[in-house]
Amino acid sequence: INFYQSKWDGPGTTYWKYNHVAVDGNDLIIKASRWKGKNEAEPKALKFYKMNKPNGGISAGCITSTRTVVYPVFIESKSSVANIVLASDVWLLSPDATQEIDIMECYGGKEPGNSYFAKSIHISHHSFIRKPFTDYQPRDKGAWYNRDGVSGWGEYCWNNGDRKYVRTAVYWKSPVHFEHYIDGELVRVLYDKALVTKVNGKWQYGYPTMTNGKLDVEYGKQKITSFSTLDTYSFEELKKASNASSVSIIDPYEYQGGKGFTKPLNIIINLESQDWHVKADRTPTDADLNNPDKNTMKVDWFRVFKPVH
């Protein structure tokens, strides 16, 4: 469908609009532009002047699958990130918005003030309680994928007008087992109470810890206690790390009742202007929003595979 999975029209200063989604014979096109307030396109805003920024709204596109997926399932997209300070997203979300897996969350454009985030692809998941709103996601530095030679994914994908694409995937193997892939390469695995991330060609195994019921933090990031470092990926080694741990990496506060991720999830693709970026004044200029070389995310394909036994 040409919209989000519910009537909600976007986070931060986002206003999802029907006319910002198209297909051009090759790609799905997701565009962004300046929100026009009372002259806006359909659907009409649920709330005017989000974040008290009457001139800061972003109209953007969003699509949601008509069918849900459930584990075990492998999902991959081939996408070209928008070269703008917005999140280009490919993600999974339960209809009740309590379980989310992020296949790709990429803040593509370097300007204004976004060069630090533009160089990374964020791969993560969220466990939510809706009331009162509570959010857990892994916040270790390994959730941000960087590649040598890529200083900005928006610039990389724009490629001087000859668009490049990046393949991002997740293998949701079980309620407590997620594997993340970039361009066909396994880069990060979360399993039960441990995780492993490929960094500079080495696999770093580790697990989270808690003190007095709160996740431990180190240097502003979620602390991951090192278990081992190997040249190759080994699920057996990851299981050993999990057995050494007492804290879940999937849902440490048991917002999902200790069951992990079990709910069917919708597939969502969109652009959005998230509140934490807006609060830090990382938001697109009118010039970037009016520039078709910057304001467009493209998706060549999106594929879903179920294992055959």
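Start by selecting strand E8 (99-107), which gives the most to the lining of the second largest pocket, with five residues. The model on screen is predicted.

**Stop 1: the second largest pocket**

The space here comes to about 850 Å³. Its lining is made of 34 residues, and those closest to the centre are Glu-105, His-126, Phe-128, Asp-135 and Gln-274. Select these five and centre the view on them. Coloured by class, the lining of the second largest pocket shows 17 nonpolar, six polar and eleven charged residues.

**Stop 2: the largest pocket**

Next, select Lys-141, Gly-142, Thr-197, Val-199 and Gln-204, which lie nearest the centre of the largest pocket. This pocket holds about 1,000 Å³ of space and is lined by 35 residues.

Which element gives the most to the lining of the largest pocket? Select strand E15 (194-199): E15 supplies five residues. Other elements that supply at least two residues each include strand E14 (185-191), strand E16 (202-208) and strand E21 (224-230). By class, the lining of the largest pocket has twelve nonpolar, twelve polar and eleven charged residues.

**Stop 3**

Gln-274 was selected at the first stop, as one of the residues closest to the centre of the second largest pocket.

**Stop 4: the nonpolar cores**

In soluble globular proteins, nonpolar side chains tend to be buried together. Here the largest nonpolar core has 54 residues. Select Tyr-4, Leu-92, Ile-101, Met-104, Ile-121, Phe-178 and Met-297, the members that touch the most others.

Leaving out residues up to four places away in sequence, Met-104 touches Ser-79, Val-81, Ser-88, Asp-89, Val-90, Ile-121, His-122, Val-166, Thr-168 and Met-297.

Finish with a second, separate core of 13 residues. Select Ala-169, Tyr-171, Val-189 and Trp-203, which are among its members.

Note on methods:
Residues are numbered from 1 along each chain as its sequence is written. This is a predicted model: local features need pLDDT of at least 70, side-chain atom pairs count only at pLDDT 80 or more; totals for chains, interfaces and linings use all residues. Side-chain values use heavy atoms; hydrogens and water are left out. On a 1 Å grid over the protein atoms alone, a cavity is a set of points where a 1.4 Å probe fits but cannot get out, and a pocket is an open set with protein on both sides within 12 Å along at least five of seven lines; lining residues have an atom within 4 Å of a point. Grid points are joined across faces, edges and corners, and a volume is the space filled by probe spheres set on the points. Helices (H or I, at least four residues) and strands (E, at least two) are DSSP runs, numbered from the N terminus. Ala, Val, Leu, Ile, Met, Phe, Trp, Tyr, Cys and Pro count as nonpolar, Asp, Glu, Lys and Arg as charged, and the others, Gly among them, as polar. A nonpolar core is a set of buried Ala, Val, Leu, Ile, Met, Phe, Trp, Tyr and Cys residues joined through side-chain atoms within 4.5 Å. Buried means under 20% relative accessible area, exposed over 50%, partly exposed in between (1.4 Å probe, protein chains only). Contact means heavy atoms within 4.5 Å.
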